[in-house]
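Here is a short briefing on one protein model. Take a look at the structure, then read the points below.

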Amino acid sequence: MSTDPEPAVVIVYSRPACVQCTSTTRALDKRGIGYEVRPMTEDDAARFKAQGHMQAPVVVTEAETWAGYRPDKIIAIPTP
């Protein structure tokens, strides 16, 4: 039986000193949802912009991707 932790289901692409990024991770913490924070590179930003995501953070879940602080989306993530 493996004791390795499961990979994060949620990835938060974040920018430094981003208030919406902090709000997003706090909301995820409050709900007990595991996540991984990744710094948003210029390549990431260009890719997300091409997908229509114009602000940080960009949150990627198994079901969808969105930009900005979206408590309505965070509440819809199933908890462990």
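Helix H1 (residues 19-31) lies across S1, S2 and strand S3 (58-60). Its direction is about 160° to S1. Contact means heavy atoms within 4.5 Å. Axes are lines fitted to C-alpha atoms, for helices over the stretch in contact, with angles from 0 to 180 degrees between N-to-C directions. Helices (H or I, at least four residues) and strands (E, at least two) are DSSP runs, numbered from the N terminus.

This is a predicted model, where local features need pLDDT of at least 70, side-chain atom pairs count only at pLDDT 80 or more, and totals for chains, interfaces and linings use all residues. Residues are numbered from 1 along each chain as its sequence is written, and side-chain values use heavy atoms, without hydrogens and water.

**Sheet**
- Four strands form an open sheet in the order S2-S1-S3-S4, with mixed pairing (two strands pair if DSSP finds at least two bridges between them).
- Strands S2 (35-39) and S4 (65-67) are the edges, each pairing on one side only.
- S1 (residues 10-14) and S2 run parallel, joined by five bridges.
- Ser14 is opposite Pro39 in S2.

**Rings and charge**
- There is one aromatic pair (ring centres of Phe, Tyr or Trp, its six-membered ring, within 6.5 Å; planes under 30 degrees apart are stacked, over 60 edge-to-face, the rest tilted).
- Tyr13 and Phe48 have ring centres 5.0 Å apart and planes at 65°, so the pair is edge-to-face.
- Tyr13 is in strand S1 and Phe48 in helix H2 (residues 42-50), so the pair ties together parts 35 residues apart in sequence.
- The charged end of Arg47 sits over the ring of Phe48, 4.6 Å from its centre (CZ of Arg or NZ of Lys within 6 Å of the ring centre and within 35 degrees of the ring normal).
- Arg47 also lies over the face of Tyr13, 5.9 Å from the ring centre.
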